[in-house]
Amino acid sequence: MNFALESKREAPEASGNERDVSAGTISRLRRFHFGEPAAAASLDRPADTVLPALLNAYRDASAIRYQYPLYLVPIGDEAHSVLAKPASEHFMESLETFAPAAEDARILKDNLPWIERYLRQKLDGSDPVDAVAMFAEAAAAMQEHLDLGSQNREKLDADLGKLQGAIAAGGQFLGYGPSVSLHLMLHAIRHRQGRQRELLHKEIDTRINGLQALLDVEKAKSTDANEPASIKTSVGLGSRYIDSGALSGMLEHRSHGSVEMPEERRARIERALQALQNWSDDAVLVRFVGRVDDPWFAEVPDLQLVASDDPCTEAARVFASDAAEFAGLFAALRIAALEIEGNYDPAVHDSWFAGFDWQAFTNDELQLVTRVVALVSADYLAGDGLPSFSQLLGSRLPVHVLSWIRAYDNPAAKPGEDPFDSYRFELGYLGIGHRQVVVAQTSAARYHDLLSGFLCALDSNRTSLHLINRGTQTKTKKPLLEAWFVASAALESRAHPFVLVNPDAGDRAAERVSFGGNPQAEADWPVEKLEYQAADGEVTEMDLAFTFADYALLMPALHEHFRVVPVGVESDDLIPVDRYLDVDDELADRAVPFIWAIDDQGVLMRLVVSRALVFACRDRLNYWRSLQELAGIQNFYVEEAIERIVEEQRAAIEAEREQLKKEHEEQLETVRSEAAGEAMGQLVDVLMGADLSGMIAGGAPLATMPAAAPAEIESPPEEVEAEPEPVAEEEPEEELSFDEPWLDTAMCTTCDDCMGINKMMFAYNDDKQAIITDPRAGPYADLVAAAEICPAKCIHPGKPLDPNEPGLDELIARAEPFN
């Protein structure tokens with residue numbers, strides 16, 4: 001059920017002056033919250049026409065389509081076929097078979113919602129009716145309503161006839177009403193028991209024939225077998241054409257059977273045969289023990305009503321009585337099977353069958369025993385009936401306990417007590433505590449969940465507990481919402497959450513517990529959007545949580561727990577209930593919790609809630625979280641284990657990272673040392689082969705030559721200036737730089753983060769680890785961003801390659817921690 005408010009309503013918007021309200025108004029609201037009677041008397045209660053804001057759209061449900069009425073599928077050959085479906089769903093599926101195209105049966109398709117509304121109005125709160133007859137009535141009413149021309153009328157009549165033909169004989173329509181859960185329980189039992197009883201009858205007939213054949217064979221061995229009277233009896237109607245006396249004379253010379261059956265065995269076979277022949281199958285499939293106000297059930301042939309002031313105790317007695325009768329039948333069937341197959345051993349089987357009772361039944365045999373359902377009020381279960389109730393839950397008897405729950409009430413509250421005076425007695429949790437019980441806490445508004453709980457219990461042969469909320473308000477003359485919407489609200493608000501516990505599913509809670517029938521099951525409260533129109537005409541929206549306090553507003557008897565916040569009152573102390581439940585104690589002391597509501601004029605308002613109701617909200621939230629943990633949702637131990645594993649992995653990754661970083665630094669230092677040594681070697685080589693004259697001319701002392709011996713002085717030859725030898729230009733040495741971007745590939749965790757930034761700059765190698773393919777394939781900003789999001793911190797941006805890239809000062813500062 002979607003709680004989104006579709007209509008747009010005007011909400012008063014306070015002015016700046018109005019927001020500056022007197023501290024006295026907020027003080028009175030706070031004192032009301034804490035329970036001061038004088039403050040409560042000075043403030044206005046909400047009018048009876050006020051609804052929770054998220055439910056205002058459902059005041060008029062006439063045009064809203066929901067699951068009811070249901071189409072109850074008649075019993076067929078398949079015991080596990082679909083039992084029920086919304087009538088609208090059945091109509092659409094049937095239309096697909098004979099009008100699959102969009103334009104086929106166009107008039108009927110366009111007016112199908114009209115038929116649904118007609119059925120809903122006719123079936124409101126009623127018992128099941130024949131589907132064929134009711135549809136024929138609805139079809140005739142629609143023809144009269146549309147008043148079409150002859151051609152279209154004939155075409156529509158033909159399509160209506162086809163749709164009516166898709167309704168199986170014996171099918172029924174069921175509207176939403178107080179007895180809907182009992183009707184669906186009876187319907188489920190009929191589906192399960194009907195086919196099983198047919199198979200039982202066939203088995204009984206087979207065993208009777210088998211035992212009779214054994215006795216006939218034994219009788220043929222006797223000396224009387226060839227007497228004329230015996231021959232005449234065995235031949236039957238054909239004896240009129242046979243001379244039985246002459247035939248007897250002809251047969252006297254034949255020998256009789258050599259070995260006769262022991263008398264003990266013959267007596268045992270005869271007793272079993274008599275038990276099977278005397279079995280009178282009771283037409284009753286189920287017995288309702290308790291009080292049923294609907295007179296319809298008293299007229300049903302396959303249902304018996306058993307009045308009782310202590311339904312749990314009486315239901316156990318009724319089952320024991322039925323089981324004792326079936327024990328005689330099942331023992332006779334088992335003895336028959338053993339005798340027919342020649343496997344009966346008196347030494348083994350006599351003592352076994354002497355103490356044969358329901359605890360020796362097979363699962364299939366237990367399925368055949370008449371079902372027993374105890375109908376008990378929740379108040380009785382939580383009060384005087386608690387001892388017998390608990391005893392039944394622990395008894396292993398396959399008895400079903402069905403109780404209707406008022407989701408706003410506390411079943412353990414004493415007469416005159418407020419339902420919020422104490423913590424709520426959760427009958428569902430009591431049932432879960434008995435461990436071996438099927439527990440189904442369901443809403444009648446969700447027929448599928450309701451049937452799932454019934455079928456799980458019927459198929460399990462265990463004691464079962466069904467806690468059902470119907471949304472009906474017996475003390476309210478004219479509810480603002482139909483019961484189906486109220487029941488849906490109980491489910492949404494965590495007042496009556498869905499939970500199905502099936503012990504047959506396993507020993508662990510997560511295996512046993514089904515929780516999927518709850519909206520937004522992982523959240524504390526479901527959150528929906530509310531659209532509204534502000535005073536300036538602008539349409540806006542806000543997210544609203546639907547809490548137990550919102551649900552409580554649907555109950556006029558609980559309006560004492562609400563007070564209207566005057567128009568224009570604004571304060572930071574006003575906090576929505578869902579947020580209030582999460583604030584610390586210091587803030588909670590001054591905060592004032594409220595919910596949003598809308599009156600019948602469409603005016604949006606705030607309602608402060610009492611402290612007692614806030615405690616009730618917290619109590620419901622606590623139960624909700626307990627159920628979540630059982631279902632494996634928001635489980636503290638699971639979350640703790642996950643956090644521990646994540647922390648261990650994080651520590652392991654960090655340790656590995658530190659180790660890799662250390663190894664990398666050692667390798668880098670080695671490379672630096674080797675590079676420095678190589679650079680020094682190259683420098684020495686350069687110096688050794690260099691021309692040092694420049695150094696001499698620069699002022700170094702000159703060496704002297706010894707004087708030459710005196711000789712003839714010759715004129716010096718004419719000096720020829722030699723051309724200087726060309727000097728080859730030396731190539732510049734490649735400088736080593738540590739400012740270029742680089743990636744420590746060995747530390748890559750293959751997270752894909754860098755690929756999401758620039759797949760041209762980064763790529764994976766054959767080991768699925770990242771490398772930098774081209775640092776110029778993108779701006780320096782991409783390198784910095786990749787380094788910042790890398791979980792392994794293995795990307796080192798270095799210095800920017802493009803000095804003209806904008807914003808380099810900021811980028812270099814951001815890159816500094818990663819270089």
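Colleague: Which residue is the bridge partner of Gln441 in strand 13?

Modeller: That's Val499. Bear in mind that this is a predicted model. Strand 11 and strand 13 (residues 499-501) run antiparallel, with 3 bridges joining them.

Colleague: What makes strand 11 mostly covered?

Modeller: Of its 6 residues, 6 are buried. Val438, Ala440 and Thr442 are buried on one side, and Val439, Gln441 and Ser443 on the other. Side chains in a regular strand alternate between the two faces of the sheet.

Colleague: Why is Arg620 called buried?

Modeller: Its relative accessibility is 3%, and the cut-off is under 20%, so Arg620 counts as buried. Arg620 sits in helix 25 (residues 611-630), and among its contacts are Tyr408, Asp409, Arg424 and Phe548.

Colleague: Why are helix 13 and helix 14 called roughly antiparallel?

Modeller: Helix 13 (residues 311-341) and helix 14 (residues 346-354) pack at about 170°, axes 11 Å apart. Anything over 145 degrees qualifies, so the two helices are roughly antiparallel. In the contact, Ala331, Arg334, Ile335 and Leu338 of helix 13 meet His349, Trp352 and Phe353 of helix 14. Those residues split into 5 nonpolar, 1 polar and 1 charged.

Definitions and conventions:
Residues numbered from 1 in each chain as written. Predicted model: local features only at pLDDT ≥ 70, side-chain atom pairs only at ≥ 80, totals over all residues. Heavy atoms only, no water. Helix = DSSP H or I, 4+ residues; strand = E, 2+ residues; numbered from the N terminus. Buried < 20%, exposed > 50% of the residue type's maximum accessible area, 1.4 Å probe, protein only. Contact = heavy atoms within 4.5 Å. Axes fitted to C-alpha atoms, helices over the stretch in contact; angles between N-to-C directions. Parallel < 35°, antiparallel > 145°, perpendicular 65-115°, else oblique. Nonpolar A, V, L, I, M, F, W, Y, C, P; charged D, E, K, R; others polar. Pairing = 2+ DSSP bridges. Lists of a residue's contacts leave out its neighbours within four places in sequence.
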